[in-house]
Amino acid sequence: MTDMDEQYVSRVQQGDRKAFEMLVARYERPVFSAVYRLVRDFDDAADITQTAFLKAYHKIATCQPAAKFFSWLYRIAVNESLNHLKRQRRQQDFRDDSPSTWPTPETEYDHAEVNQHLERALSAMSLDQRVPIILKHLLFLSYSEIAGILNIPESTVKSRLYTARQVLKEQLIRQGYTR
Amino acid sequence: MIEDRIIELMNGEIDGINSQRDSEWLREYLAGDPEARAYFEELRDSIAVLERAGPVQPPPGLRGRLLAALADAPVPVTGGHRARLQFLRDAFAFRRQPSHALAFGVGAVLAAIVLLALGLPVGPERSEVNTIYGVALDRRGEAPVAVLTAEGVRCEIDARRHERNVLLWVSLASDRSILAVLEAEGPARCEGVLAPEAPGTDEISISGSRVELTHKGVGRYQISYHETEGVPLTYRIELYAEGAVLAEQSFTARRE
């Protein structure tokens with residue numbers, strides 16, 4: 001846990017709700033980004049992000065000082081996202097190539113074109129591949145942090161990540177986006 | 001066909017975890033194998049696309065919705081609460097056992113003397129509160145890393161770095177509406193702005209490493225950054241009013 005996170009977590013554990021708001025301010029964006037890339041629906045991602053933060057708040061007593069708060073929070077967010085996708089699969093015939101909801105990308109986002117190519121490439125991956133590549137290249141986590149979040153060995157993280165990178169490369173080439 | 005161990009080294013190179021010897025070996029290998037070189041370049045390019053996409057901006061209402069839900073949530077009972085409750089129970093038990101109270105008192109005094117002798121803080125935090133225009137700054141006794149002044153405007157900044165994370169406290173006092181633009185001079189992204197003590201705030205916008213605050217009155221903002229390449233960066237703040245620059249300054253963060 002970074003010193004700053006540790007201080008905030010400690011303050012929340014003492015009953016200071018404002019300190020948790022600071023943690024929300026720090027991690028709202030990366031958590032939302034990761035969740036959005038996983039579930040590919042803007043509204044669902046917002047709901048899951050909110051649920052993840054509320055769960056983290058309620059379970060703050062279980063956040064150990066030796067652990068990294070962001071790893072712990074990301075684990076909650078990733079699990080929430082995976083549970084959401086499982087529920088969705090049960091409820092409907094969820095297709096991995098279903099279009100994502102991206103509100104007015106041309107006007108709201110500078111990287112609309114990159115995002116569209118990326119969306120298609122990520123859609124071609126299984127969840128086992130998509131989760132590690134998102135954690136690695138969007139949240140910049142280490143192998144050991146990803147292994148801790150997903151509760152799998154580092155060697156499995158590596159092999160899934162290498163496969164995911166291969167899929168990403170092939171998809172972007174197929175789309176003519178990279179050489 | 002590229003061997004698995006070469007692909008593993010390529011991935012290790014991208015992650016920056018190869019030893020110097022492995023990196024050199026791979027470089028030489030790629031120089032002599034055009035197929036592997038092309039594969040490596042494609043792999044590197046595709047990851048650059050992924051990283052270039054960057055974080056997705058959450059919907060504007062999410063923070064407010066989340067904070068409102070938090071406000072309604074009960075304060076969680078934590079180990080800290082339980083420990084304090086146990087401490088209070090023990091303290092009240094002293095009334096029934098005076099010898100325990102005496103031992104506790106002597107122990108606490110000795111501990112305080114030892115901490116003072118070692119120069120360690122006695123109490124939760126060795127912080128100091130200073131004020132500008134009535135704005136509180138937690139400075140821990142140190143001067144701000146930047147002070148900007150103009151007619152009717154004052155801005156003080158404290159900035160602390162821990163590893164790749166930088167937390168800035170920006171205190172602003174202005175008798176007119178100003179625009180404060182803060183930007184990291186290098187690869188970084190702003191991860192959030194909190195304005196719990198900024199009642200004069202009209203608007204906050206974040207775009208990558210750039211933060212814009214429209215401000216009038218007195219207030220303090222907490223702004224967090226993540227430096228993506230792990231190289232300590234310089235930050236720059238500019239204050240504008242009616243399109244003209246009032247003051248500008250570059251600064252670096254202190255190490256936490």
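In H9(A), the residues A:Leu161, A:Tyr162 and A:Arg165 meet B:Glu8, B:Asn11, B:Gly12, B:Ile14 and B:Asp15 of H1(B), where contact means heavy atoms within 4.5 Å. Those residues split into three nonpolar, two polar and three charged; here Ala, Val, Leu, Ile, Met, Phe, Trp, Tyr, Cys and Pro count as nonpolar, Asp, Glu, Lys and Arg as charged, and the others, Gly among them, as polar. Keep in mind that this is a predicted model, with local features needing pLDDT of at least 70 and side-chain atom pairs counting only at pLDDT 80 or more, while totals for chains, interfaces and linings use all residues. Residues are numbered from 1 along each chain, chains are lettered from A in the order in which they are written, and side-chain values use heavy atoms, leaving out hydrogens and water.

**Helix packing**

- H9(A) packs on helix H1 (residues 4-15) of chain B at an angle of about 90 degrees, the axes being 11 Å apart, which makes H9(A) roughly perpendicular to H1(B) (65 to 115 degrees counts as such).
- Helices here are DSSP runs (H or I, at least four residues), numbered from the N terminus, and axes are lines fitted to C-alpha atoms over the stretch in contact, with angles from 0 to 180 degrees between N-to-C directions.
- Within chain A, the axes of H7 (residues 127-137) and H9 (residues 154-174) come within 8 Å and cross at roughly 90 degrees.
- H7(A) brings residues including A:Asp128, A:Pro132 and A:Lys136 to that contact, and H9(A) brings others, among them A:Arg160, A:Ala164 and A:Leu168.
- The contact of H7(A) with H9(A) sorts into six nonpolar, three polar and four charged residues.

**The A/B interface**

- Chain A puts 57 residues into the contact and chain B puts in 61 residues.
- About 5700 Å² is buried between chain A and chain B, 62% of it on carbon and sulfur atoms; buried area is the accessible area (1.4 Å probe) that two parts lose on being put together, summed over both.
- There are four salt bridges between chain A and chain B (a side-chain nitrogen of Lys or Arg within 4 Å of a carboxyl oxygen of Asp or Glu).
- A:Lys169 forms a salt bridge with B:Glu42, with the closest N and O atoms 2.9 Å apart.
- On the side of chain A that touches chain B, H2(A) gives the most, with 14 residues.
- That side of chain A divides into 30 nonpolar, 14 polar and 13 charged residues.

**Salt bridges overall**

- Over all chains, the count comes to 22 salt bridges.
- A:Arg26 forms a salt bridge with A:Asp5, the closest N and O atoms being 2.5 Å apart.
- That pair ties helix H2 of chain A to helix H1 of chain A, with A:Arg26 and A:Asp5 21 residues apart.

How values were computed: Helices (H or I, at least four residues) and strands (E, at least two) are DSSP runs, numbered from the N terminus. Angles under 35 degrees count as roughly parallel, over 145 as roughly antiparallel, 65 to 115 as roughly perpendicular and the rest as oblique.
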